[in-house]
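Walk me through this complex, starting with one chain and ending at the contact between chains. Keep it brisk.

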Amino acid sequence: MKKNKGMIVAFLTPAVVIFLIVFLYPIIRTVMMSLYKIDSVTDAMDLWEFVGLGNFQKLFSTAIFKTAMYNILKIWAIGGVIVMTLSLLFAVILTSGIRGKKFFRAIIYLPNIVSAVALATMWLQYVYSSKFGLLKSFFEALGLKSLAATPWLDTAHKFWALLFAYCFGMVGYHMLIWMSGIERISPELYEAATIDGANIVQKFRYITLPLLKGVFKTNITMWTVSSAAFFVWSQLFSNVTADKSTLVPVQYMYMHTFGAGNAVTDRNAGYGAAIGIILSLCVVLIFTICNKLLKDDDLEL
Amino acid sequence: MKKRVLSVLLCTVMVAAMIVGCGKKSDDGGSSESGGKTLVYWSMWSEEEPQAKVIKAAIAKFEEENDIKVDVQFKGRNGQREGLQPALDAKQTIDIFDEDVNRVNGTWGKYLLDLEDLAADYEATHGVESLMAIARNAYGQTHDGDETLHSIPYQPSIFGMFYNKTLFDKAGVEGAPETWEEFDEACAKLLDAGITPITADDAYMTPYIGIHLAKYLGQDGVKSLVMGEEVNGVSVTWDDPKVLAAAESFADFAKKGYFSKNITTNAYPAGQNQEFAPGEAAIVICGSWLPNEAKESVADDLVWGYFNYPTVPEGTDDNTANNIANQVFAINKDSKMPEEAFKLIEYLVTGDTDKAFVSDAMCIPADKENADNWPVELEGVKAGFDATTKYYDWAAGVENNNDLTPALKENTIKLAGGELDGAQFVKAMKEAAGQ
């Protein structure tokens with residue numbers, strides 16, 4: 001086929017230009033911003049004050065930023081294990097031919113289509129309420145008085161309350177990704193395994209799991225990206241001013257970029273940009289590690 | 001051939017639509033299609049709030065009475081905080097905007113029009129002296145003491161202690177406490193009567209400790225304490241004996257069981273709406289917006305009372321030092337219709353609109369001519385409001401350090417819950433401050 005260079009250029013140019021404007025320019029600008037002290041995100045460049053790596057140095061020596069990073073690490077690692085395990089379990093169950101698959105799939109996915117504000121309000125004001133909460137009533141009905149009296153929203157428990165509420169909402173999303181992977185596996189493989197005498201566990205261990213490596217990588221990447229951008233739930237779980245126990249880096253970035261709480265606080269969009277860069281590097285690092293550890297090209301079907 | 005013609009036609013339509021869609025909005029000084037003028041107002045309220053409804057109704061009336069259209073955009077607090085400055089920097093047409101007095105005059109001070117001349121008549125006839133002074137001071141704080149008027153106050157508020165007079169009567173507490181000793185006695189009587197004396201929400205725990213510390217240290221002392229630097233010649237560290245005294249008096253109340261057992265778990269608005277309003281707790285620390293927020297859950301027999309945060313022993317400030325704040329309207333210095341913009345502002349902060357704020361949103365009047373027209377629920381607030389002679393910033397400045405506030409909030413909740421005593425609180429805060 002004859003190549004028409006003019007046509008190639010004509011079709012590629014809009015995409016390239018849009019990519020440069022929408023992706024490359026913000027990346028370069030953010031990297032530049034991280035080296036300056038900037039009062040407002042939209043300040044003209046002549047108002048920027050060069051601080052070199054000062055923003056990064058300050059971040060790594062600030063205790064509350066380390067707390068925020070530790071909190072997000074816990075959300076990523078512990079929440080990741082919980083969400084991946086539960087979502088895989090539900091995906092396997094729902095793809096095993098049970099009745100009412102569509103109904104259960106919709107129910108489990110439902111939290112994803114409800115506003116996070118409504119969900120967080122439900123958890124905070126109803127489920128975890130010390131006065132009439134769902135958990136309190138549930139444990140009282142079971143006669144577990146000490147559990148019923150647990151102050152779910154005090155400083156010692158609030159992080160776990162947040163994590164549980166967040167995971168509850170995320171299971172459905174990741175379950176769908178697992179399901180799409182499982183449904184791509186040829187039924188013939190399972191039939192052959194059944195003829196060979198493999199039981200359900202063996203089929204899961206030796207067929208489903210190995211063939212889900214690629215999907216696992218997708219799920220981990222999606223989970224990492226959403227963890228790095230974790231913000232709304234922390235913001236909703238800490239009214240007006242941030243809580244130390246639920247503070248995450250993006251919330252900390254917001255505080256420094258737009259101001260915190262009701263007080264008029266110092267703002268530094270460059271500091272916020274530095275946090276964004278650190279988070280991006282974390283995502284890239286995890287993605288790279290995943291790529292090294294999980295090679296999905298070692299299977300031949 | 002037909003296909004080619006159709007393709008060309010469709011492409012033309014698409015390109016035309018794109019050009020129309022992406023075209024620059026007419027920038028002819030706010031003229032509307034009807035030939036009249038259009039003011040653009042970015043509001044800090046969300047559309048369903050009572051204040052927004054009052055503003056919408058007033059604007060509709062204003063448009064009827066004047067040949068001026070108003071494009072009001074309800075952005076909400078976060079929308080305003082995130083979007084206003086970028087929009088102003090991008091030279092978007094915005095004539096009027098509003099927000100907290102300190103944020104408007106401080107953070108957005110460089111975009112404000114000088115209102116001295118425009119507002120001279122308004123100030124003489126309608127301006128409440130204390131509110132005008134706060135508005136001027138808010139600009140001066142961030143502009144080398146230049147107290148030129150750049151904003152017009154409305155919906156003033158005071159932060160202090162609201163109480164249930166019915167429960168006070170039941171416990172035999174006479175009158176509102178003015179000193180720490182009287183406060184202590186009142187709480188003891190309430191506790192003896194089986195009533196939870198004090199509750200609070202997590203959202204107000206830092207203002208609570210901020211005002212408490214300010215009584216001991218003064219506002220500059222509080223700011224110095226949290227910022228770790230000298231403020232207006234005052235320097236205070238966490239080792240200061242007055243800081244310990246403040247923490248110990250707070251911890252003493254916790255030890256005596258004056259705080260609600262739910263104070264460590266009260267996620268706003270649980271404390272105010274589920275404990276105070278139904279009559280389970282006698283006192284709640286909050287702003288004068290409380291009656292409006294809690295109106296759906298107020299007990300039938302609740303009679304509203306209020307007192308300023310009490311005077312503490314050997315403190316720097318007494319109970320006449322309080323956080324009185326307000327929202328303010330400001331005009332963009334680039335507005336092409338400043339007179340019209342001020343006309344609208346004046347319409348919104350005086351006369352019937354001010355009365356509507358009082359009746360529909362339970363606000364304190366901002367018009368001197370409505371000075372006696374306070375909502376019934378806030379009648380008890382008037383004495384404390386009028387007695388205030390020293391004006392604190394929000395939380396007396398205790399939230400001014402982004403890096404310290406989360407730890408302060410956590411440790412204050414622990415202090416109120418009895419998990420920390422005074423010395424442990426100070427130690428924890430010293431560590432958090434890196435001292």
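A residue is buried if 20 or more other C-beta atoms lie within 10 Å of its own, exposed if 12 or fewer, and partly exposed in between, with C-beta atoms placed from the backbone. On that count, 52% of the 435 residues of chain B are buried.

This is a predicted model, in which local features need pLDDT of at least 70, side-chain atom pairs count only at pLDDT 80 or more, and totals for chains, interfaces and linings use all residues. Residues are numbered from 1 along each chain as its sequence is written, while chains are lettered from A and ligands numbered from 1 in the order in which they are written.

Confidence comes next. The predictor gives the complex an ipTM of 0.90 and a pTM of 0.90. Chain B averages a pLDDT (the predictor's confidence in each residue, from 0 to 100) of 93, and 92% of its residues score at least 70. Residues 24–29 of chain B stay under 50. For that stretch the model has 1 contact beyond four places in sequence. Two residues are in contact if their C-beta atoms, placed from the backbone, lie within 7 Å.

Now the fold of chain B. Chain B has 17 helices and 9 strands. These are DSSP runs, numbered from the N terminus: helices are H or I with at least four residues, strands E with at least two. The C-alpha trace of chain B spans about 90 × 50 × 50 Å along its principal axes. Take the contacts in chain B between residues at least 6 apart in sequence: 74% of them join residues at least 24 apart.

Two backbone details stand out in chain B. Tyr268(B) and Pro269(B) are joined by a cis peptide bond, with omega about 5°. Pro269(B) sits in the loop between α10 (241–255) and α11 (270–276) of chain B. Ala395(B) is not a glycine, yet its phi is positive, near 60°. Ala395(B) lies in the loop between β9 (390–391) and α16 (405–416) of chain B. It is buried, with 30 other C-beta atoms within 10 Å.

Turn to chain A. Here Val240(A) has a positive phi of about 65°, although it is not a glycine. Val240(A) belongs to the loop between α12 and α13 of chain A. Val240(A) counts as buried because it has 21 C-beta neighbours inside 10 Å.

How many residues of α13(A) are buried? The number is 9 of the 10, so α13(A) is largely enclosed by the rest of the structure. Among the buried ones are Pro249(A), Tyr252(A), Met255(A) and His256(A). The buried residues of α13(A) pack against α3, α12 (232–237) and α14 of chain A. Gly259(A) follows α13(A), with a positive phi near 100°.

Helix α14 (residues 269–293) of chain A holds Ser280(A). Ser280(A) is partly exposed, with 14 other C-beta atoms within 10 Å.

Another helix pair in chain A is α8 and α11. In α8(A), His174(A), Ile177(A), Trp178(A) and Gly181(A) meet residues of α11(A) including Val215(A), Met222(A) and Trp223(A).

Finally, the contact between the chains. It takes 34 residues from chain A and 38 residues from chain B. On the side of chain A, α3 (63–94), α5 (116–127) and α13 (249–258) give two or more residues.
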